[in-house]
Amino acid sequence: MTIQFMNQQMNGERKKMNGAIRRVNAIVRLAFVTIAFALPVAVSAQSMEKATDAVKAMRVGWNLGNTLDCHSSDTTNMWIEAWTQRRPSDYETAWGQAQTTQALMTMMHDAGFNAIRVPVTWYPHLKSSWKLSKNSQGNPTVWSPTADPLGTEIDKQWMARVKQVVDYVLSTGMYCILNVHHDTGADNTAWLRANGSTFAAENARYAAVWKQIAEEFKDYGDHLLFEGYNEMLDGYSSWCFASFAAPGQYNATSAADTYAAINDYAQTFVNTIRATGGNNAQRNLVVNTYGSCDGRGSWNSHLKDPLSNMKLPTDAADGHLIFEVHSYPDVSNPSNARNEVDAEFNSLDQLLASKGAPVIIGEWGSSDLQAYSKTKQNLLDFAKYFVGKAKEHGFATFYWMGISDGNDRAVPQFTQADLKDKIMEGYYGDGGYTSGITPPQVSPASASSASPAVYNLMGQRLTGTPSHGIYIINSRKVVIK
């Protein structure tokens, strides 16, 4: 492996240090030649990491969006099903992204991210016969879920590709959150809705999907987490809070039914995963509020209802549940955005974390998707502030997508490298990922031994092979490529 020193102030000492670098290089190879990261990493259920510790260790994350979550979106225009061979690659690239590679995940890890959320849409892969009828233009793209219902068995090729991407993430040492994504939402293809009647009709299928996922990954270690559902909405497709899109913009009876359904789905999810045993008996599980709403704002008295009505599921495994919300403030007025975030995070502490589980911001960004091009400096400043404030409150954050997008993922390279840097500054300080780390002090004997002192940037000594990242080796900060 090649080792490069990062700190620019050491440039003048490179010649003097070349011999030391070669010695460290040889020592690392000798010490770790027989040790390697393995997938899956089996961990005794008794030793599975607690949720609070996992959230702290995730630090900053990123969403692998518009990839495994791609789908046709509209029952009257099922274009992927009608016009492709429906291979995993046809879905993965349908929304303009390159196929995910190990190199992309390694790049994210080396940049300082320590967790990747992998959104997955499952309904196109549930063994429907896809007997599409013709639309008004005569094209065979119309799907009737009633006449041609979804099955319950996940396509094996699709599951294999999901597993491969999860392995890409975990092989770097990062955390991975795997979820059920656009099976929920506002599209008419969403088969999971937050109301009692849909829960009764779809609960068995929902449990069957999660049972298969859980069985596939039951032996994986504690860096893999499951997220039960994404932004699940009511029958009105209400954002912000339940029944907001109903006549009159609120219906108390409908809202109560919706919040009960969200809690029922969360409980089914937890029960199903725990029943599969193995490491799933204590795997950390993530449950979202209604619509993944964050309670931000004061323009309506019901905005915080998704937080106050969310229950912590009953769980035989103590301390292994996590709450999730999503946050997309308007950054056009920086002062207002900061004030909103301050109030939002206080509400998350008071109304969610107080129920006994840590909180993650599973998606965040600007409500204006063009903010990077229109008000770039506002977004950069906000990103640093948002991540820093989340860290103060103990929330892990997962940026939604844009920092590496489209063909840049195939290179791989960052599309918005300056935004990535601001995210890192928000967590690690003005110097970014490599700043603010005090190398652990080691004795001269340790420094010259055949077993070098190798630490990660959190100051934890490693016993496995250091790979693709920034480390402290014998009190010196180095990059291993």
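The model is a predicted one, in which local features need pLDDT of at least 70 and side-chain atom pairs count only at pLDDT 80 or more, while totals for chains, interfaces and linings use all residues. Residues are numbered from 1 along each chain as its sequence is written, and side-chain values use heavy atoms, with hydrogens and water left out.

The structure holds 21 salt bridges, a salt bridge being a side-chain nitrogen of Lys or Arg within 4 Å of a carboxyl oxygen of Asp or Glu.

Begin by selecting aspartate 315 and arginine 274, which form a salt bridge whose closest N and O atoms are 2.9 Å apart. Aspartate 315 lies in the loop between helix H9 (305–308) and strand S7 (321–327), and arginine 274 lies in helix H8 (residues 252–275), so the pair ties together parts that are 41 residues apart in sequence. Helices (H or I, at least four residues) and strands (E, at least two) are DSSP runs, numbered from the N terminus. Aspartate 315 and arginine 274 are both buried; buried means under 20% relative accessible area, exposed over 50%, and partly exposed in between (1.4 Å probe, protein chains only).

Next, select aspartate 294 and arginine 296, a salt bridge with its closest N and O atoms 3.1 Å apart, where both residues are buried.

Then move to lysine 374 and aspartate 368, whose salt bridge has its closest N and O atoms 2.9 Å apart. Lysine 374 counts as exposed because its relative accessibility is 56%, whereas aspartate 368, at 25% relative accessibility, counts as partly exposed.
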